[in-house]
Amino acid sequence: MLSRRRAYVRIWAVGLLLACGGDSSGPDGDQPGAATALVAVSGGTQTGVVGGTLAQPIVVKVSDSRGRAVPGVAVNFRIDSGNGTLAPTVATTDASGQAQ
């Protein structure tokens, strides 16, 4: 039960942080609004050898309430369980809303 509670708090915190930022409708029909969603794109289920590097980068996508990619958003990466290191720990989303 404790792990579910922790997962819930993390999801809530990410949702709260992404929801901050103003009007989510965007300044016009073509521009993305504020970031409201963060989804894993690839790399999140990899395993590796201790001291080694994963074969693929961990990639996430940030989008607005209408599903449009949001560029320029800082995404913080962290390890929730086990040992390991990350580099970088913060990445900024590109034009397609992806960070790795």
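In strand 5, Ala99 is the bridge partner of Val60. This pairing belongs to a predicted model, and it is one of two bridges that join strand 2 to strand 5, the two strands running antiparallel. Elsewhere along strand 5, Gln98 stands opposite Lys61.

Lys61 also leads across to strand 1. Val39 stands opposite Lys61 in strand 2, and strand 1 and strand 2 pair in the antiparallel sense over five bridges. Put together, three strands form an open sheet in the order 1-2-5, with antiparallel pairing. Strand 1 (37-42) and strand 5 (98-99) stand at the edges, each with a single partner strand, so one side of each has no neighbour in the sheet. Strands of a sheet pair through backbone hydrogen bonds, in either a parallel or an antiparallel arrangement.

Strand 2 can also be looked at by its burial. Four of its five residues are buried, so strand 2 is largely enclosed by the rest of the structure. Ser63 lies in this strand, which covers residues 59-63. Ser63 has a relative accessible area of 13% and counts as buried because the cut-off is under 20%. Leaving aside residues up to four places away in sequence, Ser63 touches Ala34, Ala35, Thr36 and Ala37, and also Arg68, Ala69 and Val70.

Is Asp64 buried or exposed? Its relative accessibility is 2%, so Asp64 counts as buried. The side chain of Asp64 makes a polar contact with the backbone, reaching the nitrogen of Arg66 at 2.9 Å. Asp64 also forms a salt bridge with Arg68, in which the closest N and O atoms are 2.8 Å apart. Arg68, one of the residues that Ser63 touches, is buried as well, with a relative accessible area of 17%.

How many salt bridges does the structure hold? There are two. Besides the one between Asp64 and Arg68, Asp80 forms a salt bridge with Arg78, and here the closest N and O atoms are 2.8 Å apart. Side chains of opposite charge can pair when their charged atoms come close.

The last stop is the loop between strand 3 (74-76) and strand 4 (90-92), where Asn83 is found. Asn83 has a relative accessible area of 84%, so it is classed as exposed, the cut-off being over 50%. The C-alpha atom of Asn83 is separated by 8.9 Å from that of Val50, although the two residues are 33 residues apart along the chain. The loop between strand 3 and strand 4 also holds Pro88. The peptide bond that leads from Ala87 to Pro88 is cis, with omega near 0 degrees.

Methods:
Residues are numbered from 1 along each chain as its sequence is written. This is a predicted model: local features need pLDDT of at least 70, side-chain atom pairs count only at pLDDT 80 or more; totals for chains, interfaces and linings use all residues. Side-chain values use heavy atoms; hydrogens and water are left out. Buried means under 20% relative accessible area, exposed over 50%, partly exposed in between (1.4 Å probe, protein chains only). Contact means heavy atoms within 4.5 Å. Two strands pair if DSSP finds at least two bridges between them. A polar contact is a pair of N or O atoms within 3.5 Å; within protein, one must be able to donate a hydrogen and the other to accept it, and residues adjacent in sequence count only if both atoms are side-chain atoms. A salt bridge is a side-chain nitrogen of Lys or Arg within 4 Å of a carboxyl oxygen of Asp or Glu.
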